Amino acid sequence: MKNLKPQILKKLEEISDVEVSYFYPQKWTNLSKKPAISYYEMDNSMSSKADDKEYSSNIAIQVDIWAKSSSKCSSLAIEVNDKMGELEFERTLALDLFEQETNIYHKTMRFEIEEIL
């Protein structure tokens, strides 16, 4: 098992003018001034074994983008995709959502990698 969350956080923090947090945005009220990106690990399971030891892990990460406009969500999604690609993650899902109660645009993205230990 390998923990890639510190590297993911560091990469996502390279995106300018966003609030990055684990699981959910910390400051929902600030979205009109600064969009938010949240992320969490969805899966970290054994992919293969050798000599009775884990050899590689499947790691899946969900990244959510929260903003007051769909165009901002889309532009941030391109940046997120590029940053996750720099870590060699492959995008497996990108989905537009809209939080009707709060009028917040939300894009959810999933990324996967098989990490050799």
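This is a predicted model: local features need pLDDT of at least 70, side-chain atom pairs count only at pLDDT 80 or more; totals for chains, interfaces and linings use all residues.
Residues are numbered from 1 along each chain as its sequence is written, and side-chain values use heavy atoms, with hydrogens and water left out.

Let us start with the overall layout. The protein has two helices and five strands, where helices (H or I, at least four residues) and strands (E, at least two) are DSSP runs numbered from the N terminus. Reading along the sequence gives the pattern α-β-β-β-α-β-β. The C-alpha trace spans about 55 × 25 × 20 Å along its principal axes. Of the 117 residues, 36% are buried; buried means under 20% relative accessible area, exposed over 50%, and partly exposed in between (1.4 Å probe, protein chains only).

Now step inside. In soluble globular proteins, nonpolar side chains tend to be buried together. Here the largest nonpolar core has 22 residues, and Ile8, Leu12, Ile37, Ile61, Ile65, Val80 and Phe89 touch the most other members. Such a core is a set of buried Ala, Val, Leu, Ile, Met, Phe, Trp, Tyr and Cys residues joined through side-chain atoms within 4.5 Å. Helix H1 (5-12), strand S2 (36-50), strand S3 (53-67), helix H2 (70-86) and strand S5 (104-116) each give two or more residues to this core. Not counting residues up to four places away in sequence, leucine 12 touches Val20, Ile37, Tyr39 and Val80; contact means heavy atoms within 4.5 Å.

Serine 38 counts as buried because its relative accessibility is 0%. Its side chain joins that of tryptophan 66 through a polar contact of 3.0 Å. A polar contact is a pair of N or O atoms within 3.5 Å; within protein, one must be able to donate a hydrogen and the other to accept it, and residues adjacent in sequence count only if both atoms are side-chain atoms.

Strand S3 holds another serine to visit, serine 56. Why does serine 56 count as buried? The reason is its relative accessibility of 0%. The side chain of serine 56 makes polar contacts with the side chains of serine 48 (2.7 Å) and glutamate 114 (2.9 Å).
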